[in-house]
Amino acid sequence: MEQEPVDVAVIGAGIVGLGIAWTLLRSGRRVTLIDPAPAQGATFAAAGMLAPVSEYHYQEEDLLALTLESAELWEEFAAPFGPAGGHRTTPTLVVGFDAADRAALADLQAAQQAHGLEVQAVSLREARRMEPLLSPQLSGAFLTPGDHQVDPRMLHAAMLEAFRRGGGTVLAERADGLQWAADDDDGGSSADRVTGVLLASGGVVSAGEVVVANGLASPELRGLPEGLDLPIRPVHGDILRLRVPERLRPFLSATVRGSVRGIPVYLVPREDGTVVIGATQREDGQAGVSAGGVHQLLRDAQQLVPAVAELELEEITARARPGTPDNAPLLGRVAAAGGGEVAGLVIATGFFRHGVLLTPVAARAVLDLLDGHDDGRWAAFRPDRFSPGLLNEHTVEAHA
């Protein structure tokens, strides 16, 4: 059964897909969101750190520019949802456990400052004055005041309600593939345009534009453009949620990110009296929770904040994040095999560990593309950059 045609069909209702759909709806478009289980993938597990500075990795300058721009957009993006959106502007405190951790953090701080990022060195005494429950045995600390947080579950719930209330349609169905234009009546081909989404139930959603934003499932869609390779791999992670007893509240005010014998760990305090501890990163193909991963998280978190041992373990979750070869998203239009670009199609997937942080800039980029305002700033993230057969003047310039 064919649905009523819409302006845009968005495949995938995780935080990125929903953020795009919500932004397009606010632009006056008719939008249908397609997902059998909204927010039950990587979004469900995400800690929601908006941390372009402390998440900076060496030789990821293009990605850094993208994350910094998105961080600047977050306050405006979250404003319509108020406190229900779970956005908090509390800072991030980065700490090291031993001397090797301190040296590694010092190197990172130097690299961050070389890029003009705001990083403030603090003494251990100052760090413990900010967060009294920190271990007195830590080796070093610095503050990133511009790295904030959001509760992805709260935000997603508030945004989904606003999307529906604003006239958006949510189809709890699985997208099976892309619908393309049929050959025209003159015998020529107009099959370089995507015209809708084929549903697993047999239905069709006809749309002027289709946005593919369903993470790990993106490469499985039938009818992707010829020659397009979406090299997305599952990177599994374990994450914990613990409840703080009344006698220990407030447990933390800032997000605490640490390195314990070279292994990263973070603690994100929530306003509801819980703390999120994460996250392991493994490519072992094991979708379930790793016992070793849970042990590692609890052990290392306790090295930073010993009182973690007194919290109530409320939830253990494992999810896979959609990784790409360069850890950057696949975002934009796709070059057509015969030249030009595939009309009616935008890809927004492969956001790996930055999905929540990059949601506002991804939404802005898709809106600009649909409005015809592609200034080329984010050409380095084109979704066809790993598809040699599709390289054209767009992708060549991006990698020149």
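Hi everyone. First, some ground rules: because this is a predicted model, local features need pLDDT of at least 70 and side-chain atom pairs count only at pLDDT 80 or more, while totals for chains, interfaces and linings use all residues. Residues are numbered from 1 along each chain as its sequence is written, and side-chain values use heavy atoms, with hydrogens and water left out.

Let's start with helices. Helices (H or I, at least four residues) and strands (E, at least two) are DSSP runs, numbered from the N terminus. Please find helix 7, residues 291–304. Its 14 residues reach 21 Å from the first C-alpha to the last, close to the 20 Å expected at 1.5 Å a residue. That expected span is 1.5 Å times one less than the number of residues.

Which residues of helix 7 are buried? They are Gly293, Val294, Leu297, Asp300, Ala301 and Leu304. They cover an arc of only 145 degrees around the axis, so they sit on the same side of helix 7. The arc is taken from the directions from the helix axis to the C-beta atoms. As for the word buried, it means under 20% relative accessible area, with exposed over 50% and partly exposed in between (1.4 Å probe, protein chains only). An α-helix has 3.6 residues a turn, so residues three or four places apart point the same way. On the face of helix 7 turned away from its buried side, we find the exposed residues Ala291 and His295. The buried residues pack against several strands, including strand 5 (92–96), strand 14 (255–260) and strand 17 (312–323). Contact, by the way, means heavy atoms within 4.5 Å.

Next, helix 6, residues 152–165. Here 14 residues reach 20 Å, close to the 20 Å expected. Among its buried residues are Leu155, Met159 and Phe163. At the start of helix 6, a side-chain oxygen of aspartate 151 comes within 3.1 Å of the backbone nitrogen of arginine 153. After helix 6 comes glycine 167, with a positive phi near 105 degrees.

How do helix 3 and helix 8 cross? The axes of helix 3 (residues 61–78) and helix 8 (residues 355–370) come within 7 Å and cross at roughly 85 degrees. Axes are lines fitted to C-alpha atoms, for helices over the stretch in contact, and angles run from 0 to 180 degrees between N-to-C directions. Helix 3 and helix 8 are therefore roughly perpendicular. For angles, under 35 degrees counts as roughly parallel, over 145 as roughly antiparallel, 65 to 115 as roughly perpendicular and the rest as oblique. Among the residues making this contact are Leu66, Trp74 and Phe77 of helix 3, and Leu358 and Arg364 of helix 8.

Now for some single residues. Glutamine 149 belongs to strand 8 (residues 148–150) and is buried, at a relative accessible area of 1%. Its side chain reaches the backbone oxygen of proline 269 at 2.8 Å, and the side chain of glutamine 149 also makes a polar contact of 2.7 Å with the side chain of arginine 270. A polar contact is a pair of N or O atoms within 3.5 Å; within protein, one must be able to donate a hydrogen and the other to accept it, and residues adjacent in sequence count only if both atoms are side-chain atoms.

Is serine 218 buried or exposed? Serine 218 is buried, with a relative accessible area of 0%. You'll find serine 218 in the loop between strand 12 (204–212) and strand 13. Its side chain makes a polar contact with the side chain of asparagine 214 (2.8 Å). Glutamate 271, in contrast, counts as exposed at 67% relative accessibility.

Arginine 29 lies in the loop between helix 1 (15–26) and strand 2 (31–34). A polar contact of 2.6 Å joins its side chain to that of aspartate 371.

Most residues other than glycine have a negative phi, and most peptide bonds are trans. Alanine 39, though not a glycine, has a positive phi of about 65 degrees. Asparagine 327 also has a positive phi of about 65 degrees. The bond joining arginine 249 and proline 250 is cis, with omega about -5 degrees. Another cis peptide bond runs from glycine 278 to alanine 279, with omega near -25 degrees.
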